[in-house]
Amino acid sequence: MRINSKLLLAVAVMPLLFTATAKAELNVFACEAEYASLAKTLAPSADIYSATTAMQDPHQVQARPSLIAKMRQADLVVCAGADLEIGWLPMLQMKASNPKVKSTDEGLFFAADQVETLDKLASVERSMGDVHAKGNPHLHLDPERMLTIAQALSAKMIELDPQNSSEYQQSLADFSQRWQAKIPQWQEQAKGLAGKKVIAYHSSFRYLFNWAGIEQVADLEPKPGLAPTSSHLASLLTRAEQGDVMAVIVASYQDERGAKWLGERANLPVLMLPMSVGGNDQSKDLFSLYDSLFALLNGVK
Amino acid sequence: MSALNTRVSLLALACAFSSYSVMAEDSSLTNPNISAVLDGYYQTGDRPLAEREEGFGLGETELALSANIDDNFYGKITTVIESADGETELNLEEAFIQTLALPSGLSARAGRFLSDIGYLNNQHKHTDSFTERPAAYRAFLGNHYYDDGIRLSYVAPTDLYWTMGVEAFSGDSLRAADEHGDRDFDDVGVFTALTKIGGDIGVESSWQLGLSYLRNENGLAYAEEHEDEEEEVADEHEHSHSASYTGENTYIADFVYKWAPNGNYKYQNLTLSGEYFRVTDIFGEEPGHIDDGLDDHEISDDDYHEGWYLSSVYQFSPSCIRRCALWRSGYL
Ligand SMILES: [Zn+2]
């Protein structure tokens with residue numbers, strides 16, 4: 001009798017165990033490719049989907065059906081935050097009707113909440129264009145900030161999926177060790193770039209430039225969010241003629257035409273830098289993305 | 001049957017002269033999102049049932065307030081100031097609350113809101129690519145159908161997007177003509193059921209298909225009144241939120257296909273969309289009507305209205321982000 005009931009219990013519990021292991025993988029929805037890549041590193045067995053690629057402007061994304069379907073099933077949504085996704089994320093959240101990812105108390109994670117953003121604005125006026133009032137949200141190209149974000153994201157994963165906490169802790173330890181070993185190498189590569197001046201499109205590389213000591217002396221956008229106009233390009237040409245600018249820089253999702261026009265007339269190299277993982281052939285994860293960025297910047301003669 | 005006779009207008013240009021919005025991902029009652037849109041337009045050609053004249057004009061001014069009331073509810077109020085035919089009117093188009101925390105893909109909305117039927121109807125007019133709604137919308141839904149009611153929606157947990165919804169509305173603006181003002185209309189007159197599916201094709205394209213059904217308990221026009229209806233409607237060129245053609249059953253099939261190079265919508269993108277409307281059971285006998293065999297009109301079950309449109313919009317933005325140059329290639 002006794003043995004029998006134990007056997008029965010074991011049989012009854014078995015399917016529960018199977019469902020538990022089958023459900024164990026965290027379903028992650030990342031707004032940008034850099035956070036999909038980070039999530040993959042921190043949770044190798046998770047099911048991860050990126051809403052955008054490095055070729056797509058994350059300020060302007062269509063809240064399309066596939067994104068609603070993916071968010072509906074997500075346990076965790078990872079985004080840059082600081083209102084970068086303001087034009088599409090709230091709409092997706094409402095349409096997906098997934099209460100698990102509606103607030104940062106639960107399965108919603110904003111990278112910008114974990115670190116100090118640069119260029120916060122005290123007041124915003126419409127005449128300023130599509131500015132980032134909560135500070136620049138393109139913060140994944142600062143190695144130190146990225147490490148802080150990784151730690152917070154790993155903690156969020158453990159909070160949502162405590163059963164697999166040892167896996168997340170192990171992955172974070174691995175990542176941190178490799179990342180910290182890389183930082184001195186990148187510092188070495190940034191040495192020759194310190195003090196260099198560039199003209200770039202938007203404030204996309206603000207954190208990279210800040211970290212490497214590069215100065216962006218002008219923006220191809222006349223105002224944030226607006227494409228280069230001919231009068232603005234003419235003023236940039238005047239600026240470039242001072243002779244101290246190293247290169248004109250655009251991100252992988254930005255239109256090259258304005259930069260090329262300026263580059264040709266000012267005799268400056270035009271660099272198309274990967275904005276995220278997948279932004280060029282070399283950028284397969286965050287490590288190779290940084291490697292590629294420094295290689296391209298150092299390749300300017 | 002009466003198919004809508006529409007003319008083809010080749011080019012329509014629309015550009016918002018000014019728009020202003022203050023939004024935050026963490027809106028609250030003390031810090032609501034505010035958006036205002038001033039809609040200036042330039043229109044070429046004249047269109048049937050149109051409320052806008054040729055040339056430059058000011059369309060709608062929209063002011064919207066929205067906020068998360070708490071973790072469980074979202075609320076929105078939208079008022080629209082419209083100028084048409086030299087008159088200005090103020091309409092409350094939205095005033096609703098929606099649930100944010102119902103489990104399993106469910107959500108409910110109550111108050112005044114835009115019905116989710118069709119493709120364009122739930123979109124605000126200022127986001128339209130064209131200065132006016134397609135004729136089918138103007139004829140069957142009074143431009144866009146918003147009303148007082150409730151909605152229950154469900155999104156399935158599938159990789160292919162699949163949503164279903166049911167709505168119940170007062171239906172006042174979709175009531176059949178009531179010449180003598182003595183008709184006894186149902187207070188909850190409109191019920192809808194709708195479903196949409198959609199997904200991606202590679203990185204660059206996405207699509208959505210929708211089917212909607214609208215039951216209008218007050219949509220049947222009584223036989224006596226229908227004879228001069230068509231003439232009346234054909235001349236109508238004034239601003240109205242009421243449907244010009246009504247019926248008991250409305251079926252809508254819609255599709256949209258969007259494309260952008262690399263899936264990057266910032267610089268250029270293409271939207272193809274189309275909808276087909278079929279309105280049936282348009283004429284009926286007044287309750288208590290006794291067929292004395294002397295009436296010279298016949299009521300046929302085959303009576304229906306239909307309307308459809310196809311539109312393609314190519315947006316490119318060297319200098320204007322929203323919509324500066326729009327090409328209408330087919331609009332029938
Ligand atoms: Zn930005």
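Student: How many residues does helix H5 of chain A have, and what span is expected for it at 1.5 Å a residue?

Tutor: Keep in mind that this is a predicted model. Helix H5 of chain A, residues 143-160, has 18 residues, and the distance from its first C-alpha to its last is 26 Å, close to the 26 Å expected at 1.5 Å a residue.

Student: What caps the N-terminal end of H5(A)?

Tutor: The cap is A:Asp142, with a side-chain oxygen 2.9 Å from the backbone nitrogen of A:Glu144. The cut-off for a polar contact is 3.5 Å, and 2.9 Å lies within it.

Student: Which residues of H5(A) are buried, and what covers them?

Tutor: The buried residues include A:Met146, A:Ile149, A:Ala150 and A:Leu153, and what covers the buried residues of this helix includes helix H2 (33-42), helix H6 (165-191) and helix H10 (286-298) of chain A. A:Leu38 touches A:Met146, A:Ile149, A:Ala150 and A:Leu153, and among its other contacts are A:Phe175 and A:Leu286. A:Leu38 is also, together with A:Tyr35, A:Trp179 and A:Phe205, one of the residues that touch the most other members of the largest nonpolar core, which has 63 residues.

Student: Why is A:Arg239 called buried?

Tutor: A:Arg239 has a relative accessible area of 19%, and buried means under 20%, so A:Arg239 counts as buried. This residue is found in helix H8 of chain A, residues 230-240, and it touches A:Lys197, A:Val217, A:Asp244 and A:Val245, leaving aside residues up to four places away in sequence.

Student: What joins the side chains of A:Arg239 and A:Asp244?

Tutor: They are joined by a polar contact of 3.0 Å, a value within the 3.5 Å cut-off.

Student: What makes the pair A:Lys70 and B:Asp159 a salt bridge?

Tutor: The closest N and O atoms of A:Lys70 and B:Asp159 are 3.4 Å apart, and the rule asks for a side-chain nitrogen of Lys or Arg within 4 Å of a carboxyl oxygen of Asp or Glu, so this pair qualifies. Across the interface of chain B and chain A the rule finds 3 salt bridges, as well as 17 residue pairs in polar contact.

Student: How many residues of each chain are in contact at this interface, and what area is buried there?

Tutor: In chain B 46 residues are in contact with 43 residues of chain A, and the area buried between the two chains is about 3,400 Å², with carbon and sulfur atoms giving 51% of it.

Technical notes: Residues numbered from 1 in each chain as written. Chains lettered and ligands numbered in written order. Predicted model: local features only at pLDDT ≥ 70, side-chain atom pairs only at ≥ 80, totals over all residues. Heavy atoms only, no water. Core = buried A, V, L, I, M, F, W, Y, C linked by side-chain atoms within 4.5 Å. Buried < 20%, exposed > 50% of the residue type's maximum accessible area, 1.4 Å probe, protein only. Contact = heavy atoms within 4.5 Å. Helix = DSSP H or I, 4+ residues; strand = E, 2+ residues; numbered from the N terminus. Expected span 1.5 Å × (residues − 1). Polar contact = N/O pair within 3.5 Å; in protein donor to acceptor, adjacent residues only side chain to side chain. Buried area = accessible area lost by both parts, 1.4 Å probe.
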